[in-house]
Amino acid sequence: MRVALFLTCVNDTLYPDTGRAVVRLLTRLGVDVDFPVGQTCCGQAHYNTGYRHEAEPLARRFAEVFGGYEAVVTPSGSCGAMVRELYPRMGERARAEGRGGALAAALAPVVPRTYELTEFLVDVLGVTDVGASYPHTVTYHPTCHGLRGLGLGDRPLRLLRAVKGLDLRELPGAEECCGFGGTFALKNPDVSAAMGADKVRSAESTGAEVLCAADNSCLMHLGGTMARLRTGMRPVHIAEILASTEEDPLS
């Protein structure tokens, strides 16, 4: 199977190791992974801030760059939700505004072929045991876009439970938002910080060494909060855990 890695802006700029982990993991599972160098921002930040028309060229670019692949895999629930949930709305809004159906037609083929990493592993490849080894205590935070937008459900947990040596601790109040929300954290910093602190205290109560999630934007927010609260925990993307093996452990 030939797939494209949609890395996203945050990962490309701040967390390239997550992208490398996805490639290691999928290659180990027999998947051919391409990284289209023409990929750009998906437009989520523009769309969520009210600049819908400005996001449309980015959506068209996404369709052009990724249109020739059997599947598009992203280690980001939020950007995955942008493509799957909001791209169809953008196309329909353009049609409703009398600008024709070209945008909707361009986006339609690539939208259903775009997957967040854990749903690609479980639903497309049909695996939960990916041969990973990670001898640490971990608690998992289900981020909002993955939980509510994509409906990832227990897929990430099923993958984590199959990791050799991993001790998975249940996170109290797991479904509560961490407070990041992209521009929400900028516009409402006090509320965002308080929500982040609540989430980190819940994670700390589990006694886990690692707080894991499937979205680095939320882990960035929580990692900063953990550092300020001096918890001793560390944030790790689920892709990096799943890519870790006994022979090539995550450092």
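The lining of the largest pocket draws at least three residues from each of domain 1 (2-124) and domain 2 (137-243), with bounds from an automatic or database domain assignment. The model is predicted: local features need pLDDT of at least 70, side-chain atom pairs count only at pLDDT 80 or more, and totals for chains, interfaces and linings use all residues. Residues are numbered from 1 along each chain as its sequence is written, and side-chain values use heavy atoms, without hydrogens and water.

A pocket is an open set of points on a 1 Å grid over the protein atoms alone, where a 1.4 Å probe fits, with protein on both sides within 12 Å along at least five of seven lines; lining residues have an atom within 4 Å of a point. The largest pocket holds about 660 Å³ of space. Among its 30 lining residues, Gln 44, Ser 78, Phe 180, Gly 182 and Ser 217 are the closest to its centre. The lining comprises 14 nonpolar, 15 polar and one charged residue.

Leu 242 is in contact (heavy atoms within 4.5 Å) with residues including Leu 25, Leu 121 and Leu 159, not counting residues up to four places away in sequence.

Notes:
Grid points are joined across faces, edges and corners, and a volume is the space filled by probe spheres set on the points. Ala, Val, Leu, Ile, Met, Phe, Trp, Tyr, Cys and Pro count as nonpolar, Asp, Glu, Lys and Arg as charged, and the others, Gly among them, as polar.
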